[in-house]
Amino acid sequence: MNSTKTRARIAQIVWALCAVAAIFLAIGALLIALDAANRDNALVSFVLNLADAFDVGVFSRENGIFAFDGDNAETKNALVNWGLGAVAWLVVGRILERLIKP
C-alpha cells in the first residue's frame, strides 16, 4: 500500500469516527427530547453515556455552552449543547479529513 492510499484510508477513518460521535450526540439529544421512558434500558443508557463522553465537557448538557432554566431545561440543554457538539464534530472531522487526505 503506498503513502497516498494509506493517507486516504486514514482520512476516511477519521471522518467516520467524527461522524459516529456526531450521530451519538444527535441520538442522545433526541432521546432526551422524546423523554425516553426508561433510561434504565441498556440501549438508552449506552447511547446517553456515549453522548456524555463525546460532548468533551464543552457541550455538556449539564454544564455546556448554554444553560437553560425553568420548564424543559434538560431538553433544551441537550438539544442545543449536544446539537452544537454534533455540528462541531462534523466540522472538525471534515477539516481533519481534508488535512490528512493527499
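Which helix does Asn 81 lie in? I looked, and Asn 81 lies in helix α3.

**Entry 1: ground rules.** I am working with a predicted model, where local features need pLDDT of at least 70, side-chain atom pairs count only at pLDDT 80 or more, and totals for chains, interfaces and linings use all residues. Residues are numbered from 1 along each chain as its sequence is written, and side-chain values use heavy atoms, with hydrogens and water left out.

**Entry 2: confidence.** I checked pLDDT, the predictor's confidence in each residue from 0 to 100. The protein has a mean of 91, and 97% of its residues reach 70 or more. Helix α1 (residues 3-33) has the highest confidence, at 95, and helix α2 (residues 42-54) the lowest, at a mean of 92.

**Entry 3: fold.** I found three helices and zero strands, in the order α-α-α. Helices (H or I, at least four residues) and strands (E, at least two) are DSSP runs, numbered from the N terminus. The C-alpha atoms fill a box of roughly 55 × 30 × 15 Å along the principal axes.

**Entry 4: back to Asn 81.** Is Asn 81 buried or exposed? Asn 81 counts as buried because its relative accessible area is 0%. For the record, buried means under 20% relative accessible area, exposed over 50%, and partly exposed in between (1.4 Å probe, protein chains only). Leaving aside residues up to four places away in sequence, I see Asn 81 touching Phe 59, Ser 60, Arg 61, Gly 64, Ile 65, Phe 66 and Lys 76; contact means heavy atoms within 4.5 Å.

**Entry 5: Arg 61 and its partners.** Next I followed Arg 61, one of those neighbours. I count a salt bridge when a side-chain nitrogen of Lys or Arg is within 4 Å of a carboxyl oxygen of Asp or Glu, and the total is five. Arg 61 pairs with Asp 52 at 3.2 Å, N to O. Arg 61 is buried, at 12% relative accessible area, while Asp 52 is partly exposed, at 27%. Glu 74 also meets Arg 61 in a salt bridge, at 3.4 Å. That pair links distant parts of the chain, with Glu 74 in helix α3 and Arg 61 in the loop between α2 and α3, 13 residues apart. Glu 74 is partly exposed, at 40%.

**Entry 6: one more pair.** Glu 97 forms a salt bridge with Lys 101, with the closest N and O atoms 3.6 Å apart. Glu 97 is buried, at 6%, and Lys 101 is partly exposed, at 37%. I also noted that salt bridges with shared partners join Asp 52, Arg 61, Glu 62 and Glu 74 into one network.
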